[in-house]
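These are my notebook entries on one model. I wrote down what I looked up, entry by entry.

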Amino acid sequence: DGHNAFIYVAEGTPGIAGTLIGTRSLAVLGPGDTVSIDAGESPARFLLVAGRPLGEPVHRAGPFVMASQGELLQAFDDFRSGRI
């Protein structure tokens, strides 16, 4: 409870609360403190990711996620110049 969570399905078609999630699909989970995943009729491979919300702005572009637009621009500059 209090976390944001999502599931990314790499293989198969698992179900959550009666809703099937297709291969190469992402589903954002709602509030709660448990999740029950049904693999269905065939094996499924998936990532289940959860974390506490940051409580700050999120700026994203390409592979970078930063707290401000300025930090995002700096990350691109660092990448282009080989610093990261």
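I started with R24, which is found in the loop between β3 and β4. Helices (H or I, at least four residues) and strands (E, at least two) are DSSP runs, numbered from the N terminus. The phi of R24 is near 60°, a positive value in a residue other than glycine. R24 is exposed, at a relative accessible area of 66%. I use buried for under 20% relative accessible area, exposed for over 50% and partly exposed for what lies in between (1.4 Å probe, protein chains only).

Before going on I noted the basis: this is a predicted model, in which local features need pLDDT of at least 70 and side-chain atom pairs count only at pLDDT 80 or more, while totals for chains, interfaces and linings use all residues. Residues are numbered from 1 along each chain as its sequence is written, and side-chain values use heavy atoms, with hydrogens and water left out.

I then looked up A17, in the loop between β2 and β3. A17 has a positive phi of about 50° although it is not a glycine. Its relative accessibility is 77%, so A17 counts as exposed.

Next I checked the pairing, where two strands pair if DSSP finds at least two bridges between them. An open sheet of three strands has the order β3-β2-β5, with antiparallel pairing. Its edge strands, each pairing on one side only, are β3 (19-20) and β5 (37-38). β2 (residues 15-16) pairs with β5 over two bridges, and I16 has I37 as its bridge partner in β5.

D38 is also in strand β5. I noted its contacts (heavy atoms within 4.5 Å): D38 touches P14 and G15, not counting residues up to four places away in sequence. From D38 to L20 I read 18 residues in sequence and 8.9 Å in space, C-alpha to C-alpha.

For β1 I found antiparallel pairing with two strands: seven bridges join β1 to β6 (residues 45-51), and five bridges join β1 to β4.

Which residues make up the largest nonpolar core? There are seven: A5, I7, V9, I16, I21, A27 and L29. β1 (4-11) and β4 (25-29) each supply at least two residues of this core, and the largest share, three residues, comes from β1. A nonpolar core here is a set of buried Ala, Val, Leu, Ile, Met, Phe, Trp, Tyr and Cys residues joined through side-chain atoms within 4.5 Å.
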